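Biologist: I would like to learn how to read a protein model. Please show me one feature at a time.

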Amino acid sequence: MIAIIDYGMGNLRSVQKGFEAVGVEAIVTSDSQKIISAKSVVLPGVGAFKDCMTNLEKLGLIDTVHQSVKSGKPFLGICLGLQLLFNQSEEFGQVNGLGILPGKVVGFKDAQPKSDSGEPLKIPHMGWNTVKVVPGNPLFDSVPEESYFYFVHSYYIVPENPAIIATTTSYGIDFASGVHHENIHALQFHPEKSQRLGLTILKNFSNLS
């Protein structure tokens, strides 16, 4: 059984429905014991970084996330759930994250991404874009190289250790759109909104042990 962490923000039901579509049982819960006892854990998220961290703290879930990661069970972060894993974010001022992975979250606005013709690109980065995958990533079994996935974000991660970068995407600049470190998998795009190939990723995650 997969536990989807409910901290009052995020596309929780759509993630649950994504797993259900591939025949996998997943529950949405803020119960620490259910999360810790689950086979795998998913941390989704949309919204502001600071608000998400505040909600995690209010619900007593920060330690739960740390315990889940330390247990070695498969752990998946989606969108803001990826960003929260890092040390800090520059969104609306510097805000501390979970500090599980070294690095920071910065804004596209500062990078001033431009199209090939030199025109400024719209922020947030929203819609379908391709993903380049580091070979051997188990989440991308049966997923063709440079497939399209659905993004919606104004900030992106800058890991201190480039070795954990699992996927990259170009939006005026090349940025890390996914990481893989030990039992941690995390993606900036939304697999649950990415049709068949996104569901393939969710299925692959459910098969991890």
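Biologist: Which residues is Val22 in contact with, leaving aside its neighbours within four places in sequence?

Modeller: Contact means heavy atoms within 4.5 Å. With those neighbours left aside, Val22 is in contact with Leu199 and Lys203. The C-alpha atoms of Val22 and Leu199 are separated by 6.8 Å, though the two are 177 residues apart along the chain.

Biologist: What should I know about the model itself?

Modeller: It is a predicted model, where local features need pLDDT of at least 70, side-chain atom pairs count only at pLDDT 80 or more, and totals for chains, interfaces and linings use all residues. Residues are numbered from 1 along each chain as its sequence is written, and side-chain values use heavy atoms, with hydrogens and water left out.

Biologist: Is Val22 buried or exposed?

Modeller: Buried means under 20% relative accessible area, exposed over 50%, and partly exposed in between (1.4 Å probe, protein chains only). Val22 has a relative accessible area of 18%, so Val22 is buried.

Biologist: Where is Val22 found?

Modeller: Helices (H or I, at least four residues) and strands (E, at least two) are DSSP runs, numbered from the N terminus. Val22 is in the loop between H1 and S2.

Biologist: What joins the side chains of Gln16 and Arg13?

Modeller: A polar contact is a pair of N or O atoms within 3.5 Å; within protein, one must be able to donate a hydrogen and the other to accept it, and residues adjacent in sequence count only if both atoms are side-chain atoms. Here a polar contact of 2.6 Å joins the two side chains. Gln16 sits in helix H1 (residues 12-21). Gln16 counts as buried because its relative accessibility is 14%.

Biologist: Why is Ile27 called partly exposed?

Modeller: Its relative accessible area is 23%, so Ile27 is partly exposed. Ile27 lies in strand S2 (residues 26-29).

Biologist: How many residues are in the largest nonpolar core?

Modeller: A nonpolar core is a set of buried Ala, Val, Leu, Ile, Met, Phe, Trp, Tyr and Cys residues joined through side-chain atoms within 4.5 Å. The largest has 33 residues, and Ile5, Tyr7, Leu84, Leu85 and Leu98 touch the most other members. Helix H3 (residues 49-58) gives the most to this core, with four residues. Another core, of 31 residues, lies apart from it, with Ile2 and Leu208 among its members.
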